[in-house]
Amino acid sequence: MRRVLGRLGFALLVALILFYTLFPFYWAVVSSLKSGPDLFLVEAWPRAPAWSNYTAVFQDQPFGRNILNSVFVAGSVVLVSLALAASAAYALARAQFRGRGMLLGTLLCVSMFPQVAVLSGLFELIRALGLYNNLLGLVLSYLIFTLPFTIWVLTAFLRELPLELEEAAAMDGATPFVTLTRIFLPLMAPAMVTTGLLAFIAAWNEFLFALTLTLTNEMRTVPVAIAMITGSSRYELPWGLIMAASVIVTVPLVFLVLVFQRRLVAGLTAGAVKG
Amino acid sequence: MVTPRTAWLFLAPALLVLALVAGWPLGRTVFFSLTDARLDALEEWRFLGLSNYTFLLTDPDWWGAVRVTLVFAVVSVTLETVLGLIIALTLNARMRGRGVVRAAMLVPWAIPTVVSAQMWAWMLHDQHGVVNAALMGMGLIAQPLAWTAEPGVALAAVIAVDVWKSTPFMALLTLAALQLVPNELYEAAKVDGLGPVGTFFRITLPLIWPALLVAILFRTLDALRVFDLMYVLTGNSRATASMSVHARQLLVDFQDVGYGSAAATMVALVVALVAVALVTLGRLRLSPAGRA
């Protein structure tokens, strides 16, 4: 009897956790399928499910363009960060030199830094480079938070690889550059996928820089676009549209998370929990 | 072998980029904080010395933002740690479908804060929100509450949304630490007749404490620089404006780059102080894992 009760309580706890985690998504989906006055009725399922919010979000707003912007910015940030970080991590993980520990510490500090602290200087820099309201300006500024973090995680990964790899390469007369590109890079592929994914999510979700460094609807990234959706009336926000847009950007992330679940958890712990 | 000279060569590109996009803007922000520069005319500044800072320290709005940020950070991180621990202990039990639950928990963490803020803004809507409807249906409140507009409850609403979004992160990090605790220890505890509560406090907690502390450190620093959540959920409302929201409002909305930069620099200083305090108090050793 006690065991049955215990099991029941346990199942209830799991159900509660799932409900707490997933209900807001369920509600967003349901609300996005309600149109007209149905939206204002609190009902668990729309009376007449309709796609009109989904078509409207692409017609009334440049949301398609916003998605492309986000894909371009996050994709470029990942590629640039990985290229720069692979080279830096190789030096930090496989060489002994003075200032190495301090450098790693500084990188950790930069990745924990409040973004607002560089905002005015960054605004000036981006304008001086002629990149205001330009996606390249966002790519450049996002390196502030993706680069230290990718270097840190890739360094942790590279340190795990056996020393014999380099010794063998050195015996064959390979230069450090060849050693990095021919030997370590292929081995780093799984770690690069994980860090690249984490960097992609961070860049995809960024809000403060995107809000401050872009001006027009056409240059906005997805988070800014969703924060700024306005309807025909100034007094009532078009919640159906906002929910449809939220669902649209959440679906690919759910997909990514399902596919890369294990890797993401491993990457998170490599970045954070090795104390 | 990689010589120190080659090492610096491999580091150079990343360090140059970071110096350009992080180092230089940070230096300029500190510099602006000593001037009266304005956003529309950044070149026309006068040197003011520390007067922006002395003014900031007597500004009740700034201290309000500091209070909001500290309350937000302490309450949300505490709740996230406790809830995360409970969820992690639950998921640590052998059960079918653990992978599904774990995947479900990654989703709130993965979506943009802006999206979670908008989803909750709609759920917390004063007239048509599902939260008010549910609470009234259960008879817990008599009239609908304006969760995001009422100064008395707005901060609680902001904290609730943050707890929803960030608890999974804490739970997953805690779960990873829990899974490293060797099973023999639990068996030994059982043999010694230690109950579940005793086992948790004598064995589990001490062993996962270092990992938990790192997770708490990361979450706290994240909470101290919070911006998106308040900006989307409650706008620039004084009742919920964090230090970052306040600094950006000065910088962009009021165009006051000098004064706003002073506030922004103070945000960095507060975050740095808390980081140093937590690392020292917790005696944390932070280094990439692997051969030391």
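Predicted model: local features only at pLDDT ≥ 70, side-chain atom pairs only at ≥ 80, totals over all residues.
**Entry 1. Confidence**

I began with the predictor's own scores. The complex carries an ipTM of 0.90 and a pTM of 0.91. For chain B I noted a mean pLDDT of 89, with 97% of the residues at 70 or more.

**Entry 2. Chain A overall**

I counted the secondary structure of chain A and got 12 helices and zero strands. Read from the N terminus, the order is α-α-α-α-α-α-α-α-α-α-α-α. I then looked up the dimensions. The C-alpha atoms of chain A occupy a box of roughly 75 × 70 × 30 Å along the principal axes. The radius of gyration of chain A is 23 Å, whereas a compact globule of 275 residues would come out near 19 Å. Of those 275 residues, 49% count as buried. I also checked the contacts in chain A between residues at least 6 apart in sequence, and 76% of them join residues at least 24 apart.

**Entry 3. Chain B overall**

I repeated the steps for chain B. Here too I found 12 helices and zero strands, in the order α-α-α-α-α-α-α-α-α-α-α-α from the N terminus. The box for the C-alpha atoms of chain B is roughly 75 × 70 × 30 Å, again along the principal axes. Chain B has 292 residues, of which 44% are buried. Among its contacts between residues at least 6 apart in sequence, 70% link residues at least 24 apart.

**Entry 4. The interface**

How many residues of chain A are in contact with chain B? I get 79 residues of chain A against 84 residues of chain B. I sorted the chain A side by class and recorded 58 nonpolar, 15 polar and six charged residues.

**Entry 5. Helix α5 of chain A**

I picked α5(A), residues 119–128, and found it mostly covered, with seven of its 10 residues buried. Which residues of α5(A) are the buried ones? I listed L119(A), S120(A), G121(A), L122(A), F123(A), E124(A) and I126(A).

I went on past the end of the helix. G130(A) follows α5(A) and has a positive phi, near 70°. In the loop between α5 and α6 of chain A I also found N133(A). N133(A) is not a glycine, yet its phi is positive at about 55°. I put N133(A) down as partly exposed because it has 15 other C-beta atoms within 10 Å.

**Entry 6. Helix α8 of chain A**

I compared the length of α8(A), residues 176–205, with its end-to-end distance. Where does the kink in α8(A) lie? I located it at A189(A), shortly before the proline P190(A), with an angle of about 55°.

T240(B) sits in the loop between α10 (228–234) and α11 of chain B. Is T240(B) buried or exposed? It is buried, because 26 other C-beta atoms lie within 10 Å, and the cut-off for that class is 20 or more. Apart from neighbours within four places in sequence, T240(B) contacts V68(B), A154(B), L155(B), V158(B), M230(B) and T234(B). I also took the distance to L250(B), 10 residues along the chain, and got 16 Å between C-alpha atoms.

Q255(B) lies in the loop between α11 and α12 of chain B. Its phi is near 60°, a positive value in a residue other than glycine. With 13 other C-beta atoms within 10 Å, Q255(B) is classed as partly exposed.

A160(B) belongs to helix α7 of chain B, residues 151–178. I counted 17 other C-beta atoms within 10 Å of A160(B), so this residue is partly exposed. A160(B) and Y186(B) are 26 residues apart in sequence, and their C-alpha atoms are 34 Å apart in space.

Methods:
Residues numbered from 1 in each chain as written. Chains lettered and ligands numbered in written order. Bend = angle between axes of the 7 residues up to and from the residue. Helix = DSSP H or I, 4+ residues; strand = E, 2+ residues; numbered from the N terminus. Buried ≥ 20, exposed ≤ 12 C-beta atoms within 10 Å, placed from the backbone. Contact = placed C-beta atoms within 7 Å. pLDDT = per-residue confidence, 0-100. Nonpolar A, V, L, I, M, F, W, Y, C, P; charged D, E, K, R; others polar. Rg over C-alpha atoms; globule rule 2.2 N^0.38 Å.
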